[in-house]
Every structure is written in C-alpha cells, then in structure tokens.
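Here is a briefing for someone meeting this structure for the first time. Look through the model, then read the points below.

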Amino acid sequence: MTCISLKCSKCEYERELALGVIMQECDCPEEIFGGENPQLLEIIKNDKIANKALELIKNGGVPSRNYDREIYYCSVCNEFHNHFHFAIEKDNKTFEPDYDCSICGCRLIIVKLAHDNYKLYLQDSNQKRIDWHCPNCGNDDLECGDTLMVD
Ligand SMILES: [Zn+2]
Ligand SMILES: [Zn+2]
C-alpha cells in the first residue's frame, strides 16, 4: 500500500490518501470476501455496500482479483476521498461499489493522477482530464507531496 499526500500549492489544504492493498489483502482475497468474518466490512466501513457485495458472493458472485484503494473525487466539492474499489461478477453483470460524497452526497468518481509538463492533474476512468480546483482557495495547481510505502 502506498500513502500519498495531495496538496494545494498556495494554501495549507492537504489530503493524505492510501492507494493499493496491504500485503495480506493481496495474498488472501478469500479473507476479504469470504469466511466467517469477511474483512470487507472492516475495510470499506460502509455496511450497506459491504452487505450487498457479500450477499452477491453468497449467491454465486465471483470477486475479481483487482481490488485496491483508490482516489475518489467529488466534482461538486472538489474534495478527495479514499475508498476501496472492487468488482464482483455475477450473471454476466459486474457489481462495483458506488460511493457518495460524505459532504454533499453526490456520487464520487474514481480518478488517477496524471502529468502534463510537470503539471499534475486528474483523469477519470475514461481518461478525460479533470481540472482540479482547491476547495479551500480556488487555486488550480495541485501538488503531490510525500509518497510512502506502508505495509
Ligand atoms: Zn461533494
Ligand atoms: Zn488552496
């Protein structure tokens, strides 16, 4: 798992975000999605989503091996959130968790960080560029601070 810090170049706005998985989660998907006490409840801290996912699995859904913590972004608040992304296949349909912004309730989108002439910006899952604005001061210059490997 990697921890990064995203910050505004002009003010003190800063968010620490975790990305990826910890070693144990990587090795043992069955402990996340199966067993007596699936870790999913603990990891995503959203009972509604976790129970829906576990119910799908109980009824034959198969969790994909690509699961990790991602950066979620609210395009209304311009705020970063950090959630666990996963997918469960059942009956040729894919269930993916929808997380809502804890501030305004709008649906969050998954974003990746991208660079353009050293300028950091955000990309949605269709590689569309999202221009970030600091929710605190309106500045559009995002910086990536410390990156830390933790496990
Ligand atoms: Zn919001
Ligand atoms: Zn700012």
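**Helix α4 and its cover**

The buried residues of α4 are covered by elements that include α3, β6 and β7. The model is predicted: local features need pLDDT of at least 70, side-chain atom pairs count only at pLDDT 80 or more, and totals for chains, interfaces and linings use all residues. Residues are numbered from 1 along each chain as its sequence is written, while chains are lettered from A and ligands numbered from 1 in the order in which they are written.

**Terms**

- Helices (H or I, at least four residues) and strands (E, at least two) are DSSP runs, numbered from the N terminus.
- A residue is buried if 20 or more other C-beta atoms lie within 10 Å of its own, exposed if 12 or fewer, and partly exposed in between; the C-beta atoms are placed from the backbone.
- Two residues touch, or are in contact, if their C-beta atoms, placed from the backbone, lie within 7 Å.
- Two strands pair if DSSP finds at least two bridges between them.

**The chain as a whole**

- The protein chain has four helices and 11 strands.
- Its C-alpha atoms fill a box of roughly 50 × 30 × 25 Å, taken along the principal axes.
- Of the 151 residues in the protein chain, 19% are buried.
- Take the contacts between residues at least 6 apart in sequence: 53% of them join residues at least 24 apart.

**More on helix α4**

- Which residues of α4 are buried? They are I49, A50 and A53.
- These residues cover an arc of only 95° around the axis, so they sit on the same side of α4. The arc is that of the directions from the helix axis to the C-beta atoms.
- On the other side of α4, the exposed residues are D47, K48, E55 and K58.
- The 12 residues of α4 should span 16 Å at 1.5 Å a residue, and the end C-alpha atoms are 16 Å apart, which agrees. The expected span is 1.5 Å times one less than the number of residues.
- L56 is found in helix α4. L56 is partly exposed because 19 other C-beta atoms lie within 10 Å.
- Leaving out residues up to four places away in sequence, L56 touches G61, I88, K90 and F95.
- L56 and L17 are 39 residues apart in sequence and 29 Å apart in space, C-alpha to C-alpha.
- Just after α4, G60 takes a positive phi of about 105°.

- Three strands form an open sheet in the order β3-β6-β7, with antiparallel pairing.
- The edge strands are β3 (62-63) and β7 (93-95), each pairing on one side only.
- Two bridges join β3 to strand β6 (residues 88-90). V62 stands opposite E89 in β6.
- Helix α4 (residues 47-58) lies across β3, β6 and β7, at about 45° to β6. Axes are lines fitted to C-alpha atoms, for helices over the stretch in contact, and angles run from 0 to 180 degrees between N-to-C directions.

**Other strand pairs**

- Strands of a sheet pair through backbone hydrogen bonds, either parallel or antiparallel.
- Strand β1 (residues 2-8) pairs with strand β2 (residues 14-19) in the antiparallel sense over six bridges. The two form a hairpin with five residues between them. The bridge partner of S5 in β2 is E16.
- Strand β4 (residues 68-74) and strand β8 (residues 109-116) pair antiparallel over three bridges. I71 stands opposite V111 in β8.
- β8 and β9 pair antiparallel over five bridges. In β9, L120 is the bridge partner of H115.

**Q123 in β9**

- Q123 is found in strand β9 (residues 119-123). Q123 counts as partly exposed because it has 14 C-beta neighbours inside 10 Å.
- Not counting residues up to four places away in sequence, Q123 touches V111, K112, A114, K128, R129 and I130.

**Positive phi in loops**

- Most residues other than glycine have a negative phi.
- N117 has a positive phi of about 45° although it is not a glycine. N117 is in the turn of the β8 and β9 hairpin, which has two residues between the strands. With 4 C-beta neighbours inside 10 Å, N117 counts as exposed.
- K45 has a positive phi near 50°. K45 is found in the loop between α3 (40-44) and α4. K45 is exposed, with 11 other C-beta atoms within 10 Å.
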